[in-house]
Amino acid sequence: MKTIYFDNNATTQVDPEVFAAMEPFLRDMYGNPSSMHHKGGEVAAPLRQARQKLADLLGCAPEEIIYTSCGTESDNTALWSALRAQPERKHLLTSRVEHSAIYNNVSLLRRLGYRVTEIGVDKYGRLDMEELRKSLTPDTALASFHWANNETGVIFPVEEIAGMCSERGVVFHTDAVQAVGKIPMSLSQSRVDMLSLAGHKLHAPKGIGALYVRQGLKFSPFMVGGHQERGRRGGTENVPYIVGLGKAAELALRRLPEENSRVRDLRDRLEEGLLKIPYSIVNGDREHRLPNTTNISFEYIEGESILFHLSSFGVCASSGSACTSGSLEPSHVLRAMGVPFTAAHGSIRLSLCVYNTQEEVDFTLEKFPPIVAKLRALSPFWKDDGPAESALLTCDSDNCNLCG
Amino acid sequence: MWEYTDRVMDHFENPRNVGVVSRIDAEGQVGSLSCGDALRLTLQVDKDKDTIEDAKFQTFGCASAIASSSALTEMIKGKTIDEALSITNQDIAEYLGGLPREKMHCSVMGQEALEAAVSNYRGVPIKSAQGELICKCFGVTDAEIEKVVKTNRLTTVEEITQFTKAGGGCGQCKPKLEELLALILHQAKTPESPAKPPRMTALRRIKLIEEAITQEIAPALMRDGGDIELIDVDGNEVFVTLKGACASCPASNLTLTDFVTEKLRALVDPNIVVKEYRA
């Protein structure tokens, strides 16, 4: 069975060129760049070149990049650096739809006595900019808003927010894990202070991330240790992975136009085809969206069961349903958007990449409708061609938090 | 990806007994669309023999919810009502070759739908749906929780969530679940046994306090990185030292009064006073 991989927002396949670039550093070129002998010396230049390639993709200076182990470490580094570097400020401004690397810090910060404002989104996943503007205060240590949402692909007006923050003297961080390599960036032209990225979302392996820190920004390290990364992140450089990320950045920069034309067209073809299924809804703003992502809810059925059927045809996707989120509630992103509960559990995210083909899209479009039909035939909420009247739509508890 | 057994995948991909029976003698509905899974079970009953002639289901939910429903209908067809009622959620899970722990609530949903259908058939109220509502996110009552805890011999709140979903939403009811669990486990440990001494001697009291601390309280604190040590007992006064994360935790006063005291009062004696001993 051939794999059709439409789950690139979860992780991507390591590009063969990336693998080839890394291989020597997993074999013969094992030196520690800090060592004062030729084994250390021979990795210095490849490291420097890799850093330059990532800087080219981001449009920044190589010194502004700090390598980390993953996107989550980058997010935590940015968050805690801003809080530690400005101990007099006790307010964090963020949104309700952030990745868990930021989102799950919120309750911890509140316990520690910080004030946190989470800006809401409308039903298209768009930020309430007026609310955001009003919530920036002289006490705000950090404003953190992702560049693009991992579940819906919705893009926030990051440059505009960065400008607002800069005018008010507030440090601005963006989790751009989903955006890097899909949206052109020129950080030195922007007023973004910090930006997180993860290698495995752009065809580098898992285990490497980076944080952009604008030159001159006060910084406090998260991982305290040696002098690596100019004293900003201790720990021996992960040479093979840094080299891999450099190659991946080079490829991503070269593929940006294709990502925004051919991949976008494939995504649109897939989305249009799936929307022919009755009672299906796109979640998120279709205009301001990553070119590779679509999130569609199929009402009255549950996401995990769709995924398992898709997988039996080799098609990989993901879902915001409770059963797949590892918790018992549907994704916090869909809930923040107020996606109706008839649809929240049946959401499917398909995220493409440059490796995908039209044949794959068409194959999926052929297999998808019968899966939905089969599950609807099983569902107590479906009768013949439409929703059935059922007592089970909401639960019988009067003040259930989900039925609201 | 969940590690489902071949049997679960078989019942998911080829569900048996889908739909509604031709003559509905009994009907049970549990769960809801908003909660993420729902099951409607209909039965056709031979009233003379009190036997289930046919059973069909409609399920909204994940692969294991569909498989559990399918398995349930296979298991109860041809059984008498009483035989069917003796099926536990464990039996459903075993029929499927096991379910991931996090998915055990699917088997519970099946069992509850059966119970609801039989109650409907007999015209009596559903027993486990009575009681106090504990989890508002998923509408779970103390009676349902008690039943599942006892049937499956659960010992932690995490397991209660895996089996009933209670506590899996906002999490506000978790302290209540702790309390309820302690109460149920206490009952389970001391059934109306004739061996129970008529009066609590000092020795027995100390033993009970020790047991409560090592078996109930310390494990709960350890989950948050803390620990507790029993120093001394003097009448109703219990002296303890908090360790690990608890020792430096500003909320430790709260831990003591709220948690340790309540536990000891519930498990040993309602007059107990807990005092922190600092060396």
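These legends describe an overall view and several close-up views of a predicted model.

This is a predicted model in which local features need pLDDT of at least 70 and side-chain atom pairs count only at pLDDT 80 or more, while totals for chains, interfaces and linings use all residues. Residues are numbered from 1 along each chain as its sequence is written, chains are lettered from A and ligands numbered from 1 in the order in which they are written, and side-chain values use heavy atoms, with hydrogens and water left out.

**Figure 1. Chain A as a whole has 14 helices and 15 strands.** Helices (H or I, at least four residues) and strands (E, at least two) are DSSP runs, numbered from the N terminus. The C-alpha atoms fill a box of roughly 75 × 50 × 30 Å along the principal axes. The radius of gyration of chain A, taken over C-alpha atoms, is 22 Å, in agreement with the value near 22 Å for a compact globule of 404 residues; the globule rule is 2.2 Å times the number of residues to the power 0.38. Buried residues (under 20% relative accessible area, 1.4 Å probe, protein chains only) make up 59% of the chain. Contact means heavy atoms within 4.5 Å. Among contacts between residues at least 6 apart in sequence, 72% join residues at least 24 apart.

**Figure 2. Helix α10 of chain A spans residues 303–312.** Eight of its 10 residues are buried, so the helix is largely enclosed by the rest of the structure. The buried residues include A:Gly303, A:Ile306, A:Phe308 and A:Leu310.

**Figure 3. A:Ser95 lies in strand β3 (residues 91–95) of chain A.** A:Ser95 is buried, with a relative accessible area of 1%. Its side chain makes a polar contact with the side chain of A:Glu98 at 2.7 Å. A polar contact is a pair of N or O atoms within 3.5 Å; within protein, one must be able to donate a hydrogen and the other to accept it, and residues adjacent in sequence count only if both atoms are side-chain atoms. The side chain of A:Ser95 also reaches the backbone nitrogen of A:Val97 at 3.1 Å.

**Figure 4. A:Ser95 also touches residues from elsewhere in the sequence.** With neighbours within four places in sequence left aside, A:Ser95 is in contact with A:Glu118, A:Ile119, A:Leu127, A:Ser144, A:Phe145 and A:Phe156.

Notes:
Buried means under 20% relative accessible area, exposed over 50%, partly exposed in between (1.4 Å probe, protein chains only).
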